[in-house]
Amino acid sequence: MYPSESSAGRAHDAQDVPEFRASQGARRAEAPQEVLDAWVRETIAWHFDPATGSPFWLEFVRKAGWDPKREVTTFADLQRFGEFHDDWLRGGPVQRWIPRGLAGKPVFVFETGGTTGTPKTRIALEDFRIDYELFSETLPDEFFPRGSNWLMLGPSGPRRLRLSVEHLAQYRGGGICFCVDLDPRWVIKLIKKGWSEHLQAYKDHVIDQAVTILHAGHDIRCMFATPKLLESLALRLESMGTTIRKAGITGIFSGGTEFTPQWNRFAHEELLDGAYMTPTYGNTLMGLAPSAPSGPHNNYKITYHAPQPRAVIEVVAFEDHDRVVEYGQTGRVKLTTLTREFFMPGFLERDEGEREPPCDRYPWDGISGVRPYRGFASTTTVGVY
């Protein structure tokens, strides 16, 4: 999964990225670490050039008193920045994150999945489209037919999922994406207040919307859904004497912290009625990490691989965030994002999991068993995810 200089059917203007993306063919011939290190150098050169960098990073390096363009030449050198602080993304002005080299171009702002307090926000121009175009390459046309209409059953509003899945549908042959209204912050409030009756009513309201769309004659073949909502939809359809597959859905991509191997098996055996499903791990800050093939052959184990070199996941020791754990060992998720729009080195996610080795499809480390980080698990409310 390396960015190419052009993509057939791309619905947006990619004039800014060809020189930033090296040739696809040349990069495939390099070792993944060489690709990543070269990408780091390109990213650093862009974000710390006074003509192209963002006000935030230019001010950061002015106060730090060192020059990343000279001192950062490999991915390992990014440790020089230390940890990326969560609060840097809370509050404004959000314009401080816009690289000067992209000034004047249309900008989106997306909230992360946070549920309380001032939300973390990320600016975006084309990243959400590029991320999902790369992910599109992993979807088998047999189950995600080109030109198909989609249903997006997940968070709406300021979350990037809504626009990203819509672009995915458009990119894959001009399909139309139908979306539901869903406010995850309201779901969290209902859970925290213990208003179980209201919570059930709101969930029913969301599923009502999905069922109405599926039965409106739009010939929807593909969908995104969080695990909890996918299960609720399947059970509702079952109560109506039908199934997800009989409703026309042939391909599903789903993601969320509840996506365990046990639930994966349950979904395939009890919910999907033969529809294809691929697990994903993603967020507003990273993009989308697809999974290696999962099923009966590996006891439904799910291993995610970040979209390197645009984003890198490391599984680091709980007591030493600069040390990557051994394969099979448990650690906290450390995320680095490296795009022309957004540079985020060493962000500690609120997740943990097990480090997994590279595979044929993704020749770099992966992560399995993703779940809420134990340090926050007792205070984390998962909601619709």
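Helices (H or I, at least four residues) and strands (E, at least two) are DSSP runs, numbered from the N terminus. With those names in hand, welcome to a short tour of a predicted model, in which local features need pLDDT of at least 70 and side-chain atom pairs count only at pLDDT 80 or more, while totals for chains, interfaces and linings use all residues. Residues are numbered from 1 along each chain as its sequence is written, and side-chain values use heavy atoms, with hydrogens and water left out. Let's go topic by topic.

**The six-stranded sheet**

- Six strands make an open sheet with mixed pairing, in the order β4-β3-β5-β6-β7-β8; two strands pair if DSSP finds at least two bridges between them.
- At the edges sit β4 (177–179) and β8 (287–290), each of which pairs on one side only.
- From one strand to the next, the twist averages 25°; angles run from 0 to 180 degrees between N-to-C directions, and axes are lines fitted to C-alpha atoms, for helices over the stretch in contact.
- Strand β7 (residues 276–283) and β8 run antiparallel and are joined by four bridges.
- Look for Y281, whose bridge partner in β8 is A289, and for N283, which stands opposite G287 in β8.
- Three residues make the link in the hairpin that joins β7 to β8.

**Helices on that sheet**

- Helix α5 (residues 127–136) lies across β6 (251–255), β7 and β8, and runs at about 15° to β8.
- Helix α9 packs on the sheet too, touching β3 (149–153), β5 (220–225), β6 and β7; contact here means heavy atoms within 4.5 Å.
- The direction of α9 makes about 135° with that of β5.

**Where two helices cross**

- Two packed helices are described by the angle between their axes and the distance between the axes.
- For helix α8 (residues 196–214) and helix α9 (residues 227–239), the axes come within 10 Å and cross at roughly 65°.
- The crossing of α8 past α9 is right-handed; a crossing is left-handed if the near helix is turned anticlockwise from the far one by less than a right angle, and right-handed if clockwise.
- On the α8 side, the residues that meet α9 include V206, I207, A210, V211 and L214, and on the α9 side they include L229, L233 and L237.
- By class, this contact has eight nonpolar, one polar and four charged residues.
- For these classes, Ala, Val, Leu, Ile, Met, Phe, Trp, Tyr, Cys and Pro count as nonpolar, Asp, Glu, Lys and Arg as charged, and the others, Gly among them, as polar.

**The five-stranded sheet**

- Another open sheet has five strands with antiparallel pairing, in the order β9-β13-β12-β11-β10.
- Its edge strands are β9 and β10, and each pairs on one side only.
- Five bridges join β12 to strand β13 (residues 366–372), and the two run antiparallel.

- On a 1 Å grid over the protein atoms alone, a cavity is a set of points where a 1.4 Å probe fits but cannot get out, and a pocket is an open set with protein on both sides within 12 Å along at least five of seven lines; lining residues have an atom within 4 Å of a point.
- This pocket is lined by 24 residues, of which L36, F75, V312, E314 and V324 lie nearest its centre.
- Two or more lining residues come from each of α2 (32–47), β10 (311–316), β11 (330–338) and β12 (343–356), and β10 gives the most, with four.
- The lining has eleven nonpolar, seven polar and six charged residues.

**Backbone details in the loops**

- The peptide bond from G92 to P93 is cis, with omega near 5°, and P93 sits in the loop between α4 (68–71) and β1 (108–111).
- Q308 and P309 are also joined by a cis peptide bond, with omega about 10°; P309 lies in the loop between β9 (303–304) and β10.
- D273, in the loop between α10 (261–271) and β7, has a phi near 55°, a positive value in a residue other than glycine.
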